[in-house]
Amino acid sequence: MSFRYYTATTLDGYLADDHDSLDWLLTQPLEEGGPMNYDDFYAGIGAAVMGYTTYRWLLDNELADGKPWPYEIPSFVFTHRTITPVADSITVIDGNPADHRDLLTEAAGGQDVWVVGGGDLAAQFAEAGMLDDMIVSIAPVTLG
Ligand SMILES: NC(=O)c1ccc[n+]([C@@H]2O[C@H](COP(=O)([O-])OP(=O)(O)OC[C@H]3O[C@@H](n4cnc5c(N)ncnc54)[C@H](OP(=O)(O)O)[C@@H]3O)[C@@H](O)[C@H]2O)c1
């Protein structure tokens, strides 16, 4: 199994703008089924892991109009806060990613772990030697 950072960036290397908006990304035309497409990637994923800011972005954007948590696979949120996750499939953890390697590997059930992001958490996975792949789509946008 692999720890895979699957993400998108601007031409000048940003994952989000100053206001944590992904409008620059979500307005891009996407070729469904094209190279590096999400569905093919996600089919190989057994667990997802993200930092609190990314989790908060999902709550504020993807779940804003009452939609359910988008992932059926076990999900892990790194935070120092005491939070009640919005789905039973979410586990809250903290500390060094290396301390959770076995937990994440076991949760993925033989498939890969998606390091969703953001940059803060992904850097800690890299530092811990827990990023096997970086799959980066580059949007034709600069945020400056
Ligand atoms: N372009 C893309 O494809 C893409 C993908 C994912 C995310 N994003 C965007 O990236 C932005 C967020 O990225 P980010 O780098 O600012 O933040 P992040 O990595 O999502 O979250 C950082 C936060 O997670 C918590 N955290 C991180 N490491 C921890 C640890 N070891 N133990 C406990 N808690 C830990 C801390 O929050 P607390 O101190 O509050 O606990 C920290 O402030 C959002 O705007 C998101 O939408 C973009």
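A residue is called near a molecule when one of its heavy atoms lies within 4 Å of that molecule. What you see is a predicted model, in which local features need pLDDT of at least 70 and side-chain atom pairs count only at pLDDT 80 or more, while totals for chains, interfaces and linings use all residues. Residues are numbered from 1 along each chain as its sequence is written, and side-chain values use heavy atoms, with hydrogens and water left out.

Which residues come nearest to the ligand? Of the 25 residues around the ligand, they are Asp20, Thr54, Thr79, His80 and Arg81.

Next, some polar contacts, meaning pairs of N or O atoms within 3.5 Å; within protein, one atom must be able to donate a hydrogen and the other to accept it, and residues adjacent in sequence count only if both atoms are side-chain atoms. His80 places a polar backbone atom 2.5 Å from an oxygen atom of the ligand. Asp20 uses a polar side-chain atom, 2.6 Å from a ligand oxygen. At Ala8, a backbone N or O atom is 2.8 Å from a nitrogen atom of the ligand. On its own the ligand has 930 Å² of accessible area, and the protein covers 84% of that; these areas come from the Shrake-Rupley method with a 1.4 Å probe, and for residues only the protein chains shown count as cover.

Now to helix 3, residues 52–62. Helices here are DSSP runs of H or I with at least four residues, strands are runs of E with at least two, and both are numbered from the N terminus. Buried means under 20% relative accessible area, exposed means over 50%, and partly exposed is in between, with a 1.4 Å probe and protein chains only. In helix 3, Tyr52, Thr54, Tyr55, Trp57, Leu58 and Leu59 are buried. What do they pack against? Their partners are helix 1 (23–26), strand 2 (45–51), strand 3 (75–78), strand 4 (90–93) and strand 5 (112–117), where contact means heavy atoms within 4.5 Å.

The term requires a side-chain nitrogen of Lys or Arg within 4 Å of a carboxyl oxygen of Asp or Glu. Arg56 and Asp60 are separated by about one helical turn, because they are four residues apart in helix 3. Arg56 is partly exposed at 35%, and Asp60 is partly exposed at 44%.

The structure holds two salt bridges. Arg4 pairs with Asp133, the closest N and O atoms being 2.8 Å apart. Arg4 is in strand 1 and Asp133 in strand 6, so this pair ties together parts 129 residues apart in sequence.

Thr7 is also in strand 1, residues 3–10. Is Thr7 buried or exposed? Thr7 is buried, at 16% relative accessible area. Beyond its neighbours within four places in sequence, Thr7 is in contact with Leu15, Ile135, Val136 and Ser137.

Val136 belongs to strand 6, residues 133–139, and is partly exposed at 31%. Together with Leu11, Met134 and Ile138, Val136 makes a nonpolar surface patch of about 410 Å². Patches are made of residues with over 30% relative accessible area and no salt bridge, joining like charges within 9 Å and nonpolar side chains (Val, Leu, Ile, Met, Phe, Trp, Tyr) within 5 Å.
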